[in-house]
Amino acid sequence: MKKLTMSMGLLLAAPVVFAGNLDVVSVGPGVGCDYATIQEGIDNSNEISLHVTNTQIFRENLELSGLSDLNIVGGFDNCSDAESGVAGVNGYTIISGDLDDDGVGEAAVMQIEGEGNISLRNFQIVEGLEEFSPFGHNGGGLSLLNYEGGLNLDSMYIANNQGHVGGGISINGGDVELEINDNVLIVGNLATQNGGGIWCRGSNEIIFKDNAIESGVAVNTSQVDGGGVYLMSDCSLSMSQGRFQPLDGDFRGIAKNKANRHGGGVYMASGAQLALVGNNNSVVNVSDNIADDDAQDGGDGGGIYATGENTLISASNVYIGNNTAVLGGGVRLGEAAVLFMARTSKQCWNQKHCNLFSFNVAGAAGAIYAENESGFLVTGAVFEDNRAQIATTVFVNSESIGVLGSSVVSHNGRGGINGFADLALMGADDGSILRLGFNTITDNDVFTSVISAGSTQPVELQLVGNIIHNDENDIPVATLADNTVATSNCMILHELNSLNGTDLTSEDPLFVNPELRDYHLQEDSPAIDRCSTDDSGNLTDMDHEAYGWDDPFATGEAPMTADIGADETYISDVIFKNSFEELL
């Protein structure tokens, strides 16, 4: 089995504080300890705090069943300190599922059934091995089967385990609330089928708590689907912390996972729910993941693969980057799955890149691929440096719907060099609908057109309030099949021959500093106060400001007070221009 080493600095424990009046039982070798093995402590105690020393590797295949109300804490230097609650210098205890130390585990490190509330802190869970069982445990590290209750993890390192499903953690049925706190790393695990890091089936919840700043699911591998995480049958996972820079040894978020087939980072199906909602100070990342790692099965969804009715991704303050797949480098949606992404406040982890798709690559759709009656609604996002053979950013296919609003799409494609054709920026095919409203689409380098739409089935293209402008690019704005139904209104375009519509112009939009990718509007931009506020709907712009501010120095009159593009400029308002009030 593969080995993975890392610095354990993140797992140094803080002083242990215990709630209530639980009895304390110590586990460790030598005189003064209540039990010599962890299993003995579990079998002979309940409603207690089980404190385990760190002076040896505990080679056990633990089993918890029946009623288990246990607070199990590792990392104590000796049993005297364990009983008095004095944290050890090393801060963790190793539990290995490899009983005879021959490099091959005998069973899962910890099998959990029954009901209760279990808390685990300051442990390394390593070298578990669980092969296929039709009615039993299939996870390598922590394997939960029809468990009813809570499991709380804090300062844990779950690594180098192998399972049939769920190399690190497997949750099969039951009613589980898994709470993951700070310094919990699920790293370097292997699933011979699905879910290299985590596998979950049933109406269970996996919650990365707000304090889980240094936690993540990373460098796991699945030989089929879900390199990092596999969610199915209404299981849900929520995460609010992560990282942006891909530093060596930084395993936060959902990163660097691989699947031989679909869902390098996450695979989700049949009503699974994924909530990636960062905060003003931290982004949630799904990054550096790979689908189709063995280059044989046509793997899709490098970051996330979502399929099935009621399967839902909701995201804000999120970074989806450096993911690789055949279809949908960042996200693949199918079979009625849905993605909702929006900027929800003016303050964000990064003011210019609150929701960011960057450096994703694929055969089709570098960022988002939607097919088979699926759909996405993405607003307030930035798409940069994505590449693909076909559609460097988004593609909707086979009766799907894609809606993109108040987003900046720039610097995608490299003109078909270095192994990618970069045939178009966006695409729609086979009875699908693509709606683009109040976006700034500029400085992209694709080979055939900005938008490609059409097939044997009618395609609907709805465009309003967009800037589509490439100064040094003579490609058409759109290439449309004869049966494409296209409506275009109130836009600034770099050419006027490929689209018919109303209020279309080819003026220079006058961005503040396009060389530095600052696509706010200058005060004399022709985009100001050009569109009907009704057309902008309930959108907010890329700074989370309302469309429709009537600039007193612009010529537009109500209802023509919405600016074209992703920026509703307040530059003539000395108080509110471009979120200035947030800096006071």
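**View 1. One cavity turns up in the whole structure at 30 Å³ or more.** A cavity is a set of points on a 1 Å grid over the protein atoms alone where a 1.4 Å probe fits but cannot get out. The model is predicted: local features need pLDDT of at least 70, side-chain atom pairs count only at pLDDT 80 or more, and totals for chains, interfaces and linings use all residues. Residues are numbered from 1 along each chain as its sequence is written, and side-chain values use heavy atoms, without hydrogens and water. The largest cavity holds about 180 Å³ of space, a volume being the space filled by probe spheres set on the points. Its lining has 18 residues, and K352, H353, V382, V408 and M542 are the closest to its centre. Lining residues have an atom within 4 Å of a point.

**View 2. The largest nonpolar core has 97 residues.** Such a core joins buried Ala, Val, Leu, Ile, Met, Phe, Trp, Tyr and Cys residues through side-chain atoms within 4.5 Å. Buried means under 20% relative accessible area (1.4 Å probe, protein chains only). L142, L153, I206, I368 and F383 have the most contacts inside this core. Another core, of 24 residues, lies apart from it and includes C490 and M542.

**View 3. Five strands form an open sheet with parallel pairing.** Strands are DSSP runs of E, at least two residues long, numbered from the N terminus. Two strands pair if DSSP finds at least two bridges between them. The order is β9-β12-β16-β20-β24. β9 and β24 stand at the edges with a single partner strand each, so one side of each has no neighbour in the sheet. β12 and β16 pair over three bridges.

Notes: On a 1 Å grid over the protein atoms alone, a cavity is a set of points where a 1.4 Å probe fits but cannot get out, and a pocket is an open set with protein on both sides within 12 Å along at least five of seven lines; lining residues have an atom within 4 Å of a point. Buried means under 20% relative accessible area, exposed over 50%, partly exposed in between (1.4 Å probe, protein chains only). Helices (H or I, at least four residues) and strands (E, at least two) are DSSP runs, numbered from the N terminus.
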